[in-house]
Amino acid sequence: MRGTILSFTGQEGVISSQGTQYIFRLDQWKSDQPPAAGQSVDFTVQGTDAVNVTRVDPTQMLEEKGRICLGQAKTMAENTYRDAGKPVTIAYGVFAVFALFADVVRNVPVTLPGLVNGLSWYTLANPSGMNGGFGFLLVLLAILSIAVPVFWRHPAAPLAYTLPLLVTFIGLYNLYSAVSALSGLAGALDARMGSSVSSHAFNSITLWFWLTFFVAIYLAVMSFRRYRANKASANPV
């Protein structure tokens, strides 16, 4: 069994395991290092006593926790795939890759998180780090929204699939707002971005952004279809 030493007085100690306490004596300690309160141990139960008590190495505990976490992540991924289906899962994968790694403005190293953060003359002139922060968090939440129906068993749960489109709209709005606000710096922006973005904001958008946008629209359509299907099945005629 696995337990934790609650106390040790020098010759005798107490181990807690699954809500039960066991007494162990020093002659049953099988590790080189002396026992101490707070240590995790493996032991065998003999009546109300713990025998063959062995200290669990912290590295071993980390490995065990890692295996447990990987197992839970695998189970969650399998449940999410089964619930979402292959087309929606592939669409989310495409959205994640394009949103996190594809530049969305020509000649400027900015991805969708950077657009969500908001563009300004300062960020365009100093692009390092502009793709992190709050924008990255929102995009990450949009990607993870695929798992919402797994944890929230409700007919409206598939509406979470609209989050990628919402985040994409925020980025598009911020791009248009930034271009409009910086129209007075048109010359500097044109030189920086290589196009006349002051008068044609959408000309500065890359193909990757439009692909991200269309994938997000597809997910939103699937979201409402599944919501209607869930609502119909919950309220049969």
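**Labels and their grounds**

Q: Why is F134 called exposed?
A: The model is a predicted one. F134 has a relative accessibility of 54%, and exposed means over 50%, so the label applies to F134. F134 sits in helix 5 (residues 133-144). Together with L137 and L141, F134 forms a nonpolar surface patch of about 310 Å² accessible area.

Q: What makes the pair of F8 and F24 stacked?
A: The structure has nine aromatic pairs. In the pair of F8 and F24, the ring centres are 5.7 Å apart and the planes are at 15 degrees. Pairing needs centres within 6.5 Å, and stacking needs planes under 30 degrees apart, so F8 and F24 count as stacked. F8 belongs to strand 1 (residues 2-8) and F24 to strand 3 (residues 20-25), so the pair ties together parts 16 residues apart in sequence.

Q: Why is F24 called buried, and why is F8 called partly exposed?
A: F24 has 0% relative accessibility; buried means under 20%, so F24 is buried. F8 has a relative accessible area of 23%, which falls between the limits of 20% and 50%, so F8 is partly exposed.

Q: How do you know that the span of helix 1 agrees with its number of residues?
A: Helix 1 (residues 58-84) has 27 residues and should span 39 Å at 1.5 Å a residue. The end C-alpha atoms of helix 1 are 38 Å apart, so the two values agree.

Q: What makes D57 a cap of helix 1?
A: A side-chain oxygen of D57 lies 2.9 Å from the backbone nitrogen of T59, at the N-terminal end of helix 1. A polar contact needs N or O atoms within 3.5 Å.

How values were computed
Residues numbered from 1 in each chain as written. Predicted model: local features only at pLDDT ≥ 70, side-chain atom pairs only at ≥ 80, totals over all residues. Heavy atoms only, no water. Patch = residues over 30% accessible without salt bridge, like charges linked within 9 Å, V, L, I, M, F, W, Y side chains within 5 Å. Areas by Shrake-Rupley, 256 points an atom, 1.4 Å probe, with all protein chains shown as cover. Salt bridge = Lys/Arg side-chain N within 4 Å of Asp/Glu carboxyl O. Helix = DSSP H or I, 4+ residues; strand = E, 2+ residues; numbered from the N terminus. Buried < 20%, exposed > 50% of the residue type's maximum accessible area, 1.4 Å probe, protein only. Expected span 1.5 Å × (residues − 1). Polar contact = N/O pair within 3.5 Å; in protein donor to acceptor, adjacent residues only side chain to side chain. Phe/Tyr/Trp six-rings, centres within 6.5 Å; stacked < 30°, edge-to-face > 60°.
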